[in-house]
Amino acid sequence: MMASKVDVVTDDYKEKYGFSDPTDSYAVQGVKGLSEKVVQEIVRIHDEPAWMEQIRMKALRHFLDRKAPSWAPELADIDYQDFYYYASPTKQAANSWDQLPEYIRNTYDKLGISEAEKKFLSGVGAIYESEAVYHSIQGVLSKQGVVFTDTVTALKEYPEIMKKYFGTVVPYQDNYIAALQTAVWSAGSFVYVPEGVKVSMPLQAYFRINERNMGQFERTLIIGEPHSEVTYMEGCSAPVYSSQSLHSAIVEIVAQKGSLVKYTTLQNWSRDVLNLVTKRAHAYEDSMVSWVDFNGGSRLTRKYPSIYLLGPRAKADIISVAYAGAGQVQDTGGKAIHLARDTTSKILSRSVSKDGGHTAYRGLLYIAKGAKNVKSSVRCDALLIDERSTTATYPYMEIQEDDATVTHEASVGKVGEEQLFYLMARGISEGDALSMVVNGFLEPFAKELPMAYAVEFNRLMSLEMTNAVG
Amino acid sequence: MKLEIKDLRASVEGKEILKGVNLTVAQGETHALMGPNGSGKSTLAYTLMGHPKYQVTSGQALIDGENIIGLTPDKRAKKGLFLAFQYPVSVQGVSMFSFLRAAYNNSRPPGTDSPTIFEFREVVAEKLKMLSMDEAFLTRYLNEGFSGGEKKRAEILQMALMQPRFAVLDETDSGLDIDALRIVAEGINKVSGPNTGMLLITHYQRILKYVKPQFVHVMYQGRIIESGGEDLSRLLEEKGYTWIKGYGGEEEVAQPAP
């Protein structure tokens, strides 16, 4: 199952997303393989403090000393020496659009990003190839004391915040891939929102892999101080490659008392990418954390955004949506870990499988002893477009308090002949009818997006649906 | 222009239901198709619209001389055929507004520009008013959680927007209280006109108090066994079906309101 192979992608897809830029102009080409030397090189290039180097080295040893977990068999099959662990397109982050190299601007243009920016972005941090190359923070943000930068820069400019929080939500010992990630992380976003500050526009970053066999290891840290509010968005799209590409990110969120942090992801990596992500939030008293997560790209994604409810009345909201087409596996879900009283969690998972794609919902609901009066609802619905496609659910629950109110619902459905007939009777083509049904099914996700993103998301799903029918 | 059904035979899962139906509806005419349960009325409706479960084994259905059998339902709709469903299907997450807009745009002649969202909003507002429907209706999901009456009104709303050349209304009157029936019937009357031919499938007499057909047909065991003018429906109400030559079924009176 895990052998490298080229997925058949349609011309439409190639035309829209499958462009590739020349890589000669890379400032740092990087060395293939994983070793102490490579990690030291990353530290040197970033000019990192000693404490970070120590964490990286410990993480590397931890990773090398361990075997891949048995529940994720593909992790053992990966040749970890066969990747580049660092590549950077520019030596320094540019601070205006015009300063960007032309080929990078072209790439962004093809993705329609500059237009989106003009329309409704006022603050953008864009990440290209493991390195922030373009960065503009709206004046208002900095006046409010909000920091939105790349993680490497944050290490230099906000060392005390980085040192205080880095690895506290997802320590390198947490899991096999987290150890690797901590050893070789090379970019990511850093967001710091001071007490009481409400950031009205979503902070957005764009991620892109552009090098054959290149590992992408973004490390993102978001701190919401008490009573602050922030929404972070990431959207990805990648060129079509013929060989395996590894992507592994860690996102850590700290939501302090009364804060509100929302993290939205549109994941559309090219279909040879292995996407292994650890996303976790610590939610303190009266705070609320939302993960809004779409996984539609990659060959295999493993991602289970989690929220640790650490203070009374904290709220967790997870919307996990996945699409698996030919040759794809989307193993996604969510975890709510209730460690305090009066906390609530809501997990909604919706997945669509087509052309032999496989989706899995993997979730955990944990209610600790002493976490009184917890409310939780878990719902996972799967839609199968054809007979070849499959889905599975692995809902784990561990509830140690009697007074918890827990609901769990799951369903598997097929797109109904009657639904298609009804829509087609109104002059809507079969492909459009299928798109409509699927987009309707995924609407709980789309409605969380800004309008332009929702439109693009619907278009993307329509493209996937109409390819098979037409 | 005519909708001509010629010796149409159709099967469901190998069982023949339509056994040679002949019927012609011209634009501007209203026909009522009556008959007992299981006579094949709804099968005719689905077969005309092209439901994949209904296999046409012989015969034709022509719009303006062109056979539509073999076309997919969307193509038939584009030829001007409309079916008001007896049991409209719900689709979660799809707003009435976006669905109606798609239906409306697909009903327009090829090459014409689709209206903007604002223009369409005006078009739909007028039709909603005609059917005593609230604009909040547009933000709901397609048929989801609709009452029986709301579903039927929504069907007529779609018909009013698409302005079909031929409309088949499959028991649109079933499951409606008297107020809803009146509103729906008024809606049908407003849509019908010189440019629309209507085939009103009904089990009951009562809708015919509001919608006056020029022609009435009786279907039994997959065939039309009697045709006549409006007086035929009154006759059916008084005497039931048994007097009709070829009717071999049980005594059944075309019922008034349930």
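Visitor: What is the volume of the largest pocket here?
Guide: This is a predicted model, where local features need pLDDT of at least 70, side-chain atom pairs count only at pLDDT 80 or more and totals for chains, interfaces and linings use all residues, while side-chain values use heavy atoms, leaving out hydrogens and water. Residues are numbered from 1 along each chain as its sequence is written, and chains are lettered from A and ligands numbered from 1 in the order written. A pocket is an open set of points, on a 1 Å grid over the protein atoms alone, where a 1.4 Å probe fits, with protein on both sides within 12 Å along at least five of seven lines. The largest pocket has a volume of about 1100 Å³.

Visitor: Which residues lining the largest pocket are closest to its centre?
Guide: Lining residues have an atom within 4 Å of a point. Chain A gives α12, α13 and α14, and chain B gives β7, α3 and α4, each supplying at least two lining residues. Of the 32 lining residues, the closest to the centre are A:M436, A:N458, B:S95, B:S98 and B:R101.

Visitor: How are α3(B) and α4(B) placed relative to each other?
Guide: Helices are DSSP runs of H or I, at least four residues long. The axes of these two come within 11 Å and cross at roughly 95°. An angle of 65 to 115 degrees counts as roughly perpendicular, so α3(B) and α4(B) are roughly perpendicular.

Visitor: Which residues of α4(B) meet α3(B)?
Guide: Contact means heavy atoms within 4.5 Å. By class, this one has seven nonpolar, no polar and two charged residues. From α3(B) come B:F97, B:L100, B:R101 and B:Y104, and they meet B:I117, B:F120, B:R121, B:V123 and B:V124.

Visitor: What about α5(B) and α6(B): roughly parallel or roughly perpendicular?
Guide: Helix α5 covers residues 148-162 of chain B and helix α6 covers 178-191, with their axes 10 Å apart at an angle of about 10°. B:I156 and B:M159 of α5(B) are among the residues in the contact, as are B:I183 and B:I188 of α6(B). Angles under 35 degrees count as roughly parallel, so α5(B) and α6(B) are roughly parallel.

Visitor: Is A:S306 buried or exposed?
Guide: A:S306 sits in strand β13 of chain A, residues 306-309. Beyond four places away in sequence, A:S306 touches A:K279, A:R280, A:A281, A:W291, A:K335 and A:I337. Buried means under 20% relative accessible area and exposed over 50%, so A:S306, at 3%, counts as buried.

Notes:
Buried < 20%, exposed > 50% of the residue type's maximum accessible area, 1.4 Å probe, protein only. Points joined across faces, edges and corners; volume = space filled by probe spheres on them. Axes fitted to C-alpha atoms, helices over the stretch in contact; angles between N-to-C directions. Parallel < 35°, antiparallel > 145°, perpendicular 65-115°, else oblique. Nonpolar A, V, L, I, M, F, W, Y, C, P; charged D, E, K, R; others polar.
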